[in-house]
Amino acid sequence: MREFEVIRRIRQENPSLGDRVEVPPGDDLGEVRLAESGGVVLAGVDQVIAGVHLADSAAPERFAWKVAARSLSDVAAMAACPAGMVVAAALSPDIETEWANRFASELQRIGSMFECPLIGGDIAVLPAVGDSMVFSSTVLATPDPEAGHRLVLRSEARPGDLVCVSGEFGASLDSDGGGHHQEFMPRIDVARSLHRSLGNCLTSMIDVSDGLSSELSHLSRESKVRIVIEGERIPRRHDSKLEQALCDGEDYELCFTVSATAELPACIAEVPLTVIGRVEHGEGVFLDSSGDQAPLEASGWEHQTRPAARDSSDSEGGFR
Ligand SMILES: [Mg+2]
């Protein structure tokens, strides 16, 4: 199974979804117009699998944070306002009630922190000890009334725009399994503040989960533009190499485009904002090194079924 092939097939059916679907599959969240009220709601879902995205032994608070924060990062990517979340957990039969209580308490704490209350969910028990636990969060959101109810999509970058990022990239996973990938802060405040101050000059946005090179290729393809990145401008976490910054993923930062005339602040809420490239006519993503441009492959993380990955001798290691 190759994730992007499945997604491509789903998106081929988008035109048949009907006119109540305002944002079809293909962006960070989908949006549907409610028949009765005429209002709209955005929704998206994310999963965390023990042994894949976090160590099996991780604390319940870590699982709660990661599954909720991944969904909230998608809300940030649209510059939307979280409305509520529902969470499902398939737990190992040896998990204690105390563990599940701590998981739920952390979700409630995160809910109040981001004004995204936990409004429902489901707990199931897996058949056997050793089966991978699976956590799923569905987030609901609404467009920001203080930004004219506009959403920031992946598809509206324009030639002449600047390509920008929040925060730093690379080395999101420490050698002991911890690190940024389990502690990141969804950039909801940064996204909404940018959107409210820049308005239409904030032209497109995506959050970086699979890897910066991969997300840039999504922006390029959806907006039908060419993107040129200057590698040395990309802020790197710790002492990570350029390739790590481009490909590691799990940065959960924002990658966005702004009009060249926009006044981009140096930082918002102590999160630095950096111009890393530009948008041109054409297609594809290119890396500019001292004037030499080379195509940048989208080599971030793609979820695939690989029988070997279940083998403990699999050399890829790490958690996603
Ligand atoms: Mg996303």
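**Labels and their grounds**

Colleague: Why is Pro 24 called partly exposed?

Modeller: Pro 24 has 30% relative accessibility. Buried needs under 20%, and exposed needs over 50%. The value lies in between, so Pro 24 counts as partly exposed. Bear in mind that this is a predicted model.

Colleague: Where is Pro 24, and what does Pro 24 touch?

Modeller: Pro 24 sits in the loop between S1 and S2. Leaving out residues up to four places away in sequence, Pro 24 touches Asn 14 and Leu 17. Ala 100 lies 76 residues from Pro 24 along the chain, and their C-alpha atoms are 34 Å apart.

Colleague: Why is Glu 270 called exposed?

Modeller: The relative accessible area of Glu 270 is 75%. The cut-off for exposed is over 50%, so Glu 270 is exposed. Glu 270 is in the loop between strand S11 (267-268) and strand S12 (271-280). Its phi is positive, about 70°, although Glu 270 is not a glycine.

Colleague: Ala 79 also has a positive phi. Is Ala 79 buried or exposed?

Modeller: Buried. Ala 79 has 0% relative accessibility, and the limit is under 20%, so the label holds. Ala 79 lies in the loop between H2 and strand S4 (81-91). Phi of Ala 79 is near 55°.

Colleague: What makes the three aspartates donors of the magnesium ion?

Modeller: Distance. Asp 28, Asp 74 and Asp 207 each coordinate the magnesium ion through OD, at 2.0 to 2.1 Å. A donor must be within 2.8 Å of the metal, so these atoms qualify. Along the chain the donors follow the spacing D-x45-D-x132-D. The pair Asp 28 and Asp 74 links distant parts of the chain, 46 residues apart. Asp 28 is in the loop between strand S1 (21-23) and strand S2 (30-33), whereas Asp 74 is in helix H2 (residues 60-77). Asp 28 and Asp 74 are both buried.

Colleague: Which residues touch the most other members of the largest nonpolar core?

Modeller: Phe 63, Phe 103, Phe 135 and Phe 256, in a core of 56 residues. H2 gives the largest share, 9 residues. Domain 1 (3-147) and domain 2 (162-295) each supply at least three residues. In soluble globular proteins, nonpolar side chains tend to be buried together.

Colleague: What does Phe 103 touch?

Modeller: Beyond residues up to four places away in sequence, Phe 103 touches Pro 60, Phe 63, Ala 64, Val 87, Ala 89 and Phe 135. A second, separate core has 22 residues, including Val 208, Ile 229, Cys 247 and Leu 287.

Colleague: How do H2 and helix H3 (residues 97-113) pack, and at what angle?

Modeller: They pack at about 35°, with axes 8 Å apart. Their crossing is right-handed. Among the contact residues are Phe 63, Ala 64 and Leu 72 of H2, and Phe 103, Leu 107 and Ile 110 of H3.

Colleague: How many residues of domain 1 are in contact with domain 2?

Modeller: 25 residues of domain 1 contact 22 residues of domain 2. A pair counts as in contact with heavy atoms within 4.5 Å. The centres of domain 1 and domain 2, over C-alpha atoms, are 23 Å apart.

Definitions and conventions: Residues numbered from 1 in each chain as written. Predicted model: local features only at pLDDT ≥ 70, side-chain atom pairs only at ≥ 80, totals over all residues. Heavy atoms only, no water. Donors = N, O, S within 2.8 Å, 3.2 Å for Na, K, Ca; no water. Helix = DSSP H or I, 4+ residues; strand = E, 2+ residues; numbered from the N terminus. Buried < 20%, exposed > 50% of the residue type's maximum accessible area, 1.4 Å probe, protein only. Core = buried A, V, L, I, M, F, W, Y, C linked by side-chain atoms within 4.5 Å. Domains from an automatic or database assignment. Axes fitted to C-alpha atoms, helices over the stretch in contact; angles between N-to-C directions. Left-handed = near helix turned anticlockwise from the far one by under 90°.
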